Amino acid sequence: MTSTMRLLLLLLLACTIRAFQTTNHLLVQNRPHYALSKRDWRLKDATTTTTILSTDEPVDFTDLMVMDVVLFQRRNTNSPTSIELGSVQENGNIAPLSTWTLESAYTSAINDMMEFVVDEEDLFPGMTSEEINVLSVLDGDVVGYGSRQVGGGKGPGNPHGEESEIIYYVDRAVVEGVYSTGVDDEVLNIDVVVNSNLEHLW
């Protein structure tokens, strides 16, 4: 089975699972207007809903499924108020998500989606429960999936375009959301890794 066929099967499985999921919802309400720039992209609206995340009771890795998109925090970090986006890989570990732009991939009446991929440098072996705490699994209402050819379908790494990678679409309200542990008014923010080398120009 080629990697493209395996990817399509994973995407089909993920969509089927999402249709029946009723737990681990991350509800996003009161969508504000955004004031974004390359240097200051976080929400600029005082009415934003704060989502409480429990750092004392992280999500069990055994409850995760391949392609789940999660919010996680590294156990040994110098930035205790920073959380990250990640996705569950086929080996059961978590790989952080990166993007090449802070602009929207597409919008609809209810979503403003940003696009992410797993940087190949972060892919293997990924991070285990000994390295990170998974704080939340994002609901299908704020997550979408797509695919693209590795390297744009060109170059020595993918000369025939048969290798594909997953694109993860995450609602901007999640990425720029305000989170808290519920303790001492501690505010958590998602750190987004922007790597322009991940963009395909062809």
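Predicted model: local features only at pLDDT ≥ 70, side-chain atom pairs only at ≥ 80, totals over all residues.

Trainee: What makes Ala95 a buried residue, and in which strand is its place?

Mentor: Ala95 belongs to strand β4, residues 94–96, where strands are DSSP runs of E with at least two residues and helices are runs of H or I with at least four, numbered from the N terminus. Buried means under 20% relative accessible area, exposed means over 50%, and partly exposed is in between, with a 1.4 Å probe and protein chains only. Ala95 has 0% relative accessibility, so it counts as buried.

Trainee: Which residues does Ala95 touch?

Mentor: If residues up to four places away in sequence are not counted, Ala95 touches Leu85, Gly86, Ser87, Gln89, Val118 and Asp122, a contact being heavy atoms within 4.5 Å. Ala95 and Glu120, 25 residues apart in sequence, have their C-alpha atoms 9.5 Å apart.

Trainee: How many helices and strands does the chain have, and what share of its residues counts as buried?

Mentor: There are three helices and 13 strands in the chain, and 46% of its 202 residues count as buried. Of the contacts between residues at least 6 apart in sequence, 69% join residues at least 24 apart.

Trainee: Why are β6 and β9 said to stand at the edges of their sheet?

Mentor: The sheet is open, with four strands in the order β6-β7-β10-β9 and antiparallel pairing, where two strands pair if DSSP finds at least two bridges between them. Both β6 (106–107) and β9 (143–149) have a single partner strand, so one side of each is left without a neighbour in the sheet.

Trainee: How do you know that β7 pairs with β6 and with β10?

Mentor: Two bridges join β6 and β7 in the antiparallel sense, and four bridges join β7 (residues 112–116) to β10 (residues 164–171), also antiparallel. Thr107 has Asp112 in β7 as its bridge partner, Met113 has Asp171 in β10, and Glu115 stands opposite Tyr169 in β10.

Trainee: Why is β7 called largely enclosed?

Mentor: Five of the five residues of β7 are buried, so the strand is largely enclosed by the rest of the structure. Asp112, Met114 and Phe116 point one way from β7, Met113 and Glu115 point the other way, and all are buried.

Trainee: What makes a set of residues a nonpolar core, and which members of the largest one touch the most others?

Mentor: A nonpolar core is a set of buried Ala, Val, Leu, Ile, Met, Phe, Trp, Tyr and Cys residues joined through side-chain atoms within 4.5 Å. The largest has 26 residues, of which Val69, Leu85, Phe116 and Leu138 touch the most other members. Among the elements that each supply at least two residues are β2 (69–74), β3 (82–88) and α3 (172–175), while β10 gives the most, with three residues. A second, separate core of 11 residues includes Val59, Phe72, Ile94 and Val137.

Trainee: Why is the pair of Tyr106 and Tyr169 called edge-to-face?

Mentor: Rings of Phe, Tyr and Trp (its six-membered ring) pair if their centres lie within 6.5 Å, and planes under 30 degrees apart count as stacked, over 60 as edge-to-face and the rest as tilted. A search of the whole structure finds two aromatic pairs. For Tyr106 and Tyr169 the values are 5.3 Å centre to centre and 70° between the planes, and the pair is edge-to-face. Tyr106 is in β6 and Tyr169 in β10, 63 residues apart. Tyr106, at 38% relative accessible area, is partly exposed, whereas Tyr169, at 16%, counts as buried.

Trainee: What makes the pair of Tyr145 and Tyr168 edge-to-face?

Mentor: Their ring centres are 5.9 Å apart and their planes stand at 65°, so this pair is edge-to-face. Both Tyr145 and Tyr168 are buried.

Methods: Residues numbered from 1 in each chain as written. Heavy atoms only, no water.
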